[in-house]
Amino acid sequence: MPRIYLSSPHIGSDERALVTDAFDTNWVAPLGPHVDAFERELASYVHVPHAAALSSGTAAIHLGLRLLGVKRDDEVWCSSMTFSASANPILYEGAIPVFVDAERSSWNMDPALLADALDDAARRGRLPRVVIVVDLYGQSADHDPIRAACAKYGVKILEDAAEALGATYKGEPCGGFGDVGIFSFNGNKIITTSGGGMLVAHDQAIVDGARFLATQARDPAPHYEHSVVGFNYRLSNICAAIGRGQLRVLDERVAARRRVFARYAEAFADLPAITMMPEAPWGHGTRWLSCLTVDGASDVGREDIRLALLAKEIEARPVWKPMHRQPVFAGCRAIGGAVSEDLFARGLCLPSGSNLKDADIDEVIDVVRATVLR
Ligand SMILES: *Cc1c(COP(=O)(O)O)cnc(C)c1O
């Protein structure tokens, strides 16, 4: 067990009282006033009118795809550089994942590559139904050109902002740039409900549809009547109470993670072997995880640093292995792929939690510097 974690839950001062309120009012069952309030408060924070609180970010992606009309054998394109949960729901729906490579300035989906590939797909008469655009490690993708490329062919966008609650693109909050946006409140994210997610949309019908499907798809009738297959995907009132407290400290949490990143960046500035993940000029990221790449020509590799940290019980991990290289997606088409493969070969995530102590950060810095300078 590590002593210093990559990203651990960081509870604020209000969560306990909000959960106690849920107990005191006997709203421990699914749904309840904290769910409604959490949806309202999050929607208002991200400037999107409608939100549905769900049991996970993965559930939100699943329902999002379904509500955007994804059917069996449709193509759904997705950022290759991401966590598997971005893409797994494509397979839940029997659709076909196609993975789009990253660009170096943000590590997110390459808009030019996407635009060319959509032109090509239109010529072939095989456009994707949806493009899943990830805001990686809390940094916004370049949404304007991505939206323009998709709008040209009426292709819908699902913005996976699981890591980017609190980030902005051109001054606007991440999560609202697609037809559907999703967030995660998993224990390792910027804020947590101990586990949960949110689906947001500008179109109320989509969010109404998400609530319907997430509560077993009950038709309006006094008895239990069902015409479509439903899911049990709603968030509980207890978890929502935690989420409301967490939302109150979200801006502090983002600032704390950005401070962690800035400390690393300053400490490694004189090491030519190390480059911190760039911040693209169009946005203000959450720095959910502090990531770096190790120069390919350097004597030390990413694994040398990771193992040196592990020896001191410090958790560090390679950046996401691209989806087009994952066994579970073997045989799926990739559009490009060299950039995300290179980032995976050289990229490392360092402890990044908003609750890290200065002494923990100093220790990480010392181990990295000693390994690089050995
Ligand atoms: C965490 C994460 C998810 C999944 O969220 P859960 O709440 O854990 O289901 C999806 N996409 C990305 C990019 C994530 O980091």
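**Strand pairing and a helix crossing**

In S7, Pro173 is the bridge partner of Thr168. The structure is a predicted model, in which local features need pLDDT of at least 70 and side-chain atom pairs count only at pLDDT 80 or more, while totals for chains, interfaces and linings use all residues. Residues are numbered from 1 along each chain as its sequence is written, and side-chain values use heavy atoms, leaving out hydrogens and water.

Strand S6 (residues 168-169) pairs with S7 in the antiparallel sense over 2 bridges; pairing requires at least two bridges found by DSSP, and strands are DSSP runs of E with at least two residues, helices runs of H or I with at least four, numbered from the N terminus. Both strands belong to an open, antiparallel sheet of 3 strands in the order S7-S6-S11. Strands S7 (172-173) and S11 (283-284) each have a single partner strand, so one side of each lacks a neighbour in the sheet.

S4 pairs in the parallel sense with strand S2 (residues 75-79) over 3 bridges and with strand S5 (residues 156-160) over 5 bridges. Trp77 stands opposite Val131, and Lys156 in S5 is the bridge partner of Val130.

Turning to helices, Leu63, Arg66 and Leu67 in H3 meet Ile206, Gly209, Ala210, Leu213 and Ala214 in H7, contact meaning heavy atoms within 4.5 Å.
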